[in-house]
Structures are given as structure tokens and as C-alpha cells.
Amino acid sequence: MDGGDRPPGAASAISLEGITKSYGEVAAVDDLSLQIDPGELLVLVGPSGCGKSTVLRLIAGLDEPTAGTVRIAGEVVNGIDPKDRDVAMVFQSYALYPHMTVARNIEFPLRARRVPKAERERSVAGVARNLQIDHLLKRKPAALSGGQRQRVALARAIVRRPRAFLMDEPLSNLDAQLRIEMRAALVELQARLGTTVVYVTHDQVEAVTMGRRIAILDSGRLQQVATPAEVQARPANAFVAAFIGSPPMNVMPATLEPGEVTTGTQNAGRHLAVAGGVLPLTGAQQAALGARDLTTVLAGIRAEDLQVDPEGSVRATVSFVESFGAERIAACRLPATGAADGQLVMVRISAGARAPRTGEAVTLGAHAPASLFDPASGARLDA
Amino acid sequence: MPDRRRRTVLGRRASRRALREAATGYLLVLPALATFAVFVFYPLGRAIWLGLYRTSVSPNLPSTYVGPSQYASVVSSSAFLGSLWRTILFAVFTMPAGIALGIALAMLAHQRLRGIQVFRTVFSSTVATSTAVASVIFFTLLDPQIGLLSYWLGKKGGAGILSDPTFALPAVSVVSIWQNIGFTFILMSAALQAIPDTLLDAARLDGASSWHRFRSVTLPLLSPTVFFAIVVGIIGSFQAFGQIDILTQGGPNNHTMVLIYYIYQSAFVNNDYGLAAVASVVLFAILLVVTLVQFRFVERRVFYAT
């Protein structure tokens, strides 16, 4: 899969070309190509074990790829020692040196690079002030809170002004409140420094809120690289559809209705049959299905594109209604099709509308076309 | 008034409970205390007491009370001071080299390589070797006629390394280092495994060379274990007996006569229990002081992760 719409080359801050990393038979990263622009904050997101941390280690030089080329600022860095790649990494565990004070921790990369003492002290003081940890300089990491350790780890990465920051789930050890604060602080800091950041997370909310572009990884393979809005609106495959978004996209098996149907407010045309009713198809979708000669597909539709509508075309029973502040989500169960229970479908209740009661029989209407995926490969059909 | 009475009653009840708790506590430590009393405190007191009596030359005559003067005369004797000096030399020969080798082997075996377990087993195998077996192996290796080591070192024929005044103590030290290396290796390996890989990854990215990483990250984090190995090592080298008894019996010409062997010879070869008791008490005092000093000063430079 292509990593973006520009050709690989010197314009990228970091460029991965056909990267594979295998451990024996298992490919942790499988033929990954990805271009990261200078000054960009790119979020690499995926479930745990998808290979995203491995990608970071390959960029850092802590591991070498089995195949493929890694470029930093246009220059091939395969086989080049991590210290000569001029990138800094922030680890999930922070990896602060526990026997050194905060000042010594921040100073460590400068010392390792034999920066003169006066300059070291100036840099440490500057970064510490910047991150508001100047009052902690004499403490040892054990005497710091999680958020403070996080800032020290950031300071250590920033102090030598590297070409790029690699951040490996830097916020996942913080409590929820602090995580949201630090998320904003990181985005702001990145904008101020203008340094390229590759940010790894398993949290899709973090990915969607922080990244200008997000790259979704599963089983070592790149699934999609796009803006958060694009990923939400047009997921490249069924995996992305089910992984990104809260709640994730409803993905259900569907078959092409043989003839034209007229349903409620929808125009007559060809429809997809799903459990409990039908969903309309656009002309382009009909053409795509026709071209592939497919009659069964996976239909994906977001909670916000469904609504409880007396004129709707899909019958369901309300299981429960969840309330997140202003937003309410109704989980509705479609009629059972086989031995198993019917599928649960999430439906957003619009602001002014009455929330349905648990157990109430409703009809659901779609007010946007569904995304269609190939049932075998999961790939988007109208891509 | 009734209020105060109630308070005193409550107080009495509380103090009775405290007493009962204390009694239970003492009861629980009693077995340990009794064992220590029988096998440590009593022999120690007995040794101090014995040191006040001069053992007579003839085994049939009773010892005579001489008081603390025997302590003074033994401690200032050249035989005692000589054995103390050789014990210190022995510790200096064995301990730093032993710990350095243990760390080096542990670093080697810490690599993620195929078949590294074989090396881990080999490096730690001397733990399963008794002092007697180790000594006999080296006795054979150092034999002037048939010993491989003697041959390699160009010392074939003649009286042999163990009979050479210059090389006898270093040779015994080498045997001790070899014998203890397994233990040190296991200690250091365990300590290395406790250091998170991300710390060393971070140091690599921070630009530290492998030597710099070892010196400023690995070694400080190993320091509690190194400290432990030093304390145990000093005590161990002050108590080394088996290898000396088997390899040299204190010879040649007292060149491997370390303190513990001097005590053994005084007591069980020369039957001078008074002298042996004094030397034992002094050895105990030395070890106590050394350990206290180590805890007081060396520990300050040790980092314990909390």
C-alpha cells in the first residue's frame, strides 16, 4: 500500500521504503512505506502487537530492518549507529536514569556528545524553564510524579535539538486527566519547536486528536495514511473502520437486493439487504459492485450517520442508551439472522431528539451512504 | 471521677495487650535466638574467655590465667601480623579480580545470542564445584611433573609453583577466584537482567558509547550487587581455608599462612588453644569493623532504586 501521495525522496524528514522486519517466520513489520514531512506530527496507531513500536525502533536504529530502506533527511541511515542518526526517543517507561538527578538526566545526551560545560548548563536551564521543571533539577526520578517524569523525559529529548522525535506511547502511563493535558501540551510544544515527530499510540482517540496525519498499522502492515477526518469518513478497509472512531463504525454483512426497492423517504433504487431491513446504495456504489460482480459485501456506517427514524428502513430493538455528557449513543440490536444473537449497532441520538427506551422497537434510517468493503479482503470497494 | 477510672482501666487493658503482643513477639524469635545463643554467642564468649588463659606446653598441665596480656602479645607477634598481612593480600588478589571477571562474564552472557544458555551454564558451573574438588583439580594442573598449567607457564620440573614463595599465594588466589566466579557471575547476571533494556536503548540514542553506557548506566545500577559481592567477598577471603589446606598447608615457609589457617594450626596442630582463641576473637573484630565501615562509607556511593 502506498504511504502517501508524494514520491519518496529528499523532501521527507523521514522516509521508509519497503521496510520489513522479521523475527524468524514472523514479520513484525511487513513491506511498509511511509513518508513523513519535515515538521509534521505523524501518529502511528494500531492495536498492541501491530508492529508500531518496531517501526520506531527501526527509525531510531535500535533495530535494523530485514529489508527496505530508512532515510532521514534524504540520507540512507541503514546500518548507521543510533547516536549518529540524530533522532531522540521518548519511551513509555520514560527510561530516566534512576541514579542521576533530573539535571544530570537532561544533560546526559550533551555530555555524551562532549558539549562544553557552560553550554550544557545553559541548555539544561533553558529546556527546564521551557517545560516548567526548573524547580526539580536537583531531584532524583524516584521523587517525581508521573507527569513530572514525563516532562523530564521530554526535556532530555529536546535538549540536543535532534532532527526528529520518536515518541513511543509517551502518555499511556499517565492518568486520564493528565493525559489529556499533556496531549495538548505536546501538540503545542511540537508546533513551537517545529520538529518532526513520529508519535506511536494504541489509543485511537489520541491519534485522531493529535495527528495532522495518522498512519494505521495492523499485523505489521500499513492500512491507511490520511488525515483524521479522511480516515473517519472514508476508512480504507473494514479494519480501519472498526478501529478508528468512538464508537467505531458499525460494520455488518449485507447482500445486494436483486431488484429495485422503494423505502420510506429514500429514492427508489438498488439496495443492500442487512439483518432487519435494507440500506440505500449510491449510483457509484452500484457501479463498483457491478464492476466486481459482487453480491455480498460488508457495509459500514457510523453512529452519527444513523438515526432513530419512524420512516427508517432497518428494524432494531434498543438494548441500552449510553450518555457521554451532551452526546447519547443508543445500542440497538438487529434481528437475529442465524443461531447467534443479532448484531449490536451504535446509533447517535441527535441533540434535541427523545432518547428511546430500553427494549423499544425502533426503525433506523441512514442519512449518509454506507462504506462498502470486500467481504474477503476487507478492502474498501469504492476507493 | 468515674471517667478517670474508666480511662485507667482502659489504659491498663491497653498496656496488658501491649505486653501480650511483646511476649508473642519474643516467643516467635526465641528459636532463632536459642540457635544463635548455642552456636554463636556461647562459642564467642567462650573464645574470649579462652583467650585469657595461656595453654600450657604439656597437654597434661592446666592452663594458667594470664588476662588480657595474651591478647597484647599475640596481636603484636610477627606470626600473627604476618598472617594478617597475607590475608589482606589474599583479599586484594581475589576480590577485585573476581568481581571484575564476574561482571565481564555476565556482560558477555547477557547478549541475546543463539546458544548463550550453554555459556551461562558453563560460567556458573563452579558454584556446583566444592572447594575440595576445585583444589584437587588445580593441584593436578599445577603439579610440577604432570600439570598442564605448570607446562604452559614454563614451570615444568623443579619444586613447582605451589612451592615457590613468590607464586604460592597468587596461585592459591587464582584457585579461589575460579572457585567463586560462578557465584559472582550468577549475582551479576541477575542484577544485569534487572536493568531495563529501555535505559540502555535511551543511552544509545543519547549518544553514549558502549563504554560510556557501561560506566554511567550499567555500573551504577549494578552497584548494590557489587557492594554485596564486596562484603561477602571480604568475609569469604578472610575465611578461606579449604584451598589452602589442600594446596599448600600454609607453606612454603608460611607464605600462604593466612589468618584462618594460622588459627587452625595454632589450635589443632600446636594445641595452643589460648593463642588460637585470641586470633579468632581478633579475626571476628576485624570482620565486624570492616563490615561496619563498608556499610557506613561504601554504601553512600551505592545507588538503590526505590
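How much area is buried between chain A and chain B, and what share of it do carbon and sulfur atoms give? In this predicted model, the area buried between the two chains is about 1,800 Å², and carbon and sulfur atoms give 65% of that value. Three residues, A:Tyr97, A:His99 and A:Phe108, supply 28% of the area that chain A buries against chain B, more than any other three residues. In terms of residues, 24 of chain A are in contact with 17 of chain B.

Two salt bridges are found between chain A and chain B. The side chains of A:Arg156 and B:Asp206 meet in a salt bridge, with a distance of 3.6 Å from N to O. On the side of chain A that touches chain B, the elements giving two or more residues are helix H1 (52-60), strand E6 (87-90) and helix H2 (102-112). Of these, H2(A) gives the most, with four residues. The residues on this side of chain A divide into 15 nonpolar, three polar and six charged.

From chain B, helix H8 (residues 197-205) has B:Leu199, B:Asp201, B:Ala202, B:Ala203 and B:Leu205 buried. The buried residues of H8(B) pack against H1, E6, H2 and helix H4 (146-158) of chain A, together with helix H9 (210-238) of chain B. The helix H8(B) is followed by B:Gly207, whose phi is positive, near 100°.

The overall organisation of chain A is considered next. Chain A contains nine helices and 20 strands, and 50% of its 383 residues count as buried. The C-alpha trace of chain A spans about 80 × 45 × 35 Å along its principal axes. Among contacts in chain A with a separation of 6 or more, 65% are accounted for by residues 24 or more positions apart.

One open sheet of chain A is formed by four strands in the order E2-E1-E4-E5, with antiparallel pairing. Its edge strands are E2 (26-36) and E5 (75-76), each of which pairs on one side only. Strand E4 (residues 67-72) and E5(A) pair in the antiparallel sense over two bridges, and A:Arg71 stands opposite A:Val76 in E5(A).

Strand E9 (residues 213-218) of chain A has five of its six residues buried, so this strand is largely enclosed by the rest of the structure. Strand E3 (residues 41-45) of chain A pairs with E9(A) in the parallel sense over four bridges, with A:Val43 opposite A:Ile214 in E9(A). Strand E10 (residues 221-226) of chain A, by contrast, runs antiparallel to E9(A) and is joined to E9(A) by five bridges. Within this pairing, A:Leu217 stands opposite A:Leu222 in E10(A). The strands E9(A) and E10(A) form a hairpin with two residues between them, and A:Ser219 in the turn has a positive phi of about 50°.

A further hairpin involves strand E16 (residues 314-324) of chain A. E16(A) and strand E17 (residues 327-333) of chain A pair in the antiparallel sense over seven bridges, and A:Thr317 stands opposite A:Arg333 in E17(A). Two residues lie between the strands of this hairpin, in which A:Gly325 takes a positive phi near 60°. E16(A) also pairs in the antiparallel sense with strand E19 (residues 361-366) of chain A, over four bridges. In that pairing, A:Val314 stands opposite A:Leu364 in E19(A).

The loop between helix H8 (238-243) and strand E11 (250-261) of chain A holds A:Pro247. At 15% relative accessibility, A:Pro247 counts as buried, because the cut-off for buried residues is under 20%. Apart from its neighbours within four places in sequence, A:Pro247 is in contact with A:Arg302, A:Ala303, A:Ile329 and A:Met346. The C-alpha atom of A:Pro247 is separated by 39 Å from that of A:Ala128, a residue 119 residues away along the chain.

Definitions and conventions. Residues numbered from 1 in each chain as written. Chains lettered and ligands numbered in written order. Predicted model: local features only at pLDDT ≥ 70, side-chain atom pairs only at ≥ 80, totals over all residues. Heavy atoms only, no water. Contact = heavy atoms within 4.5 Å. Buried area = accessible area lost by both parts, 1.4 Å probe. Salt bridge = Lys/Arg side-chain N within 4 Å of Asp/Glu carboxyl O. Nonpolar A, V, L, I, M, F, W, Y, C, P; charged D, E, K, R; others polar. Buried < 20%, exposed > 50% of the residue type's maximum accessible area, 1.4 Å probe, protein only. Pairing = 2+ DSSP bridges.
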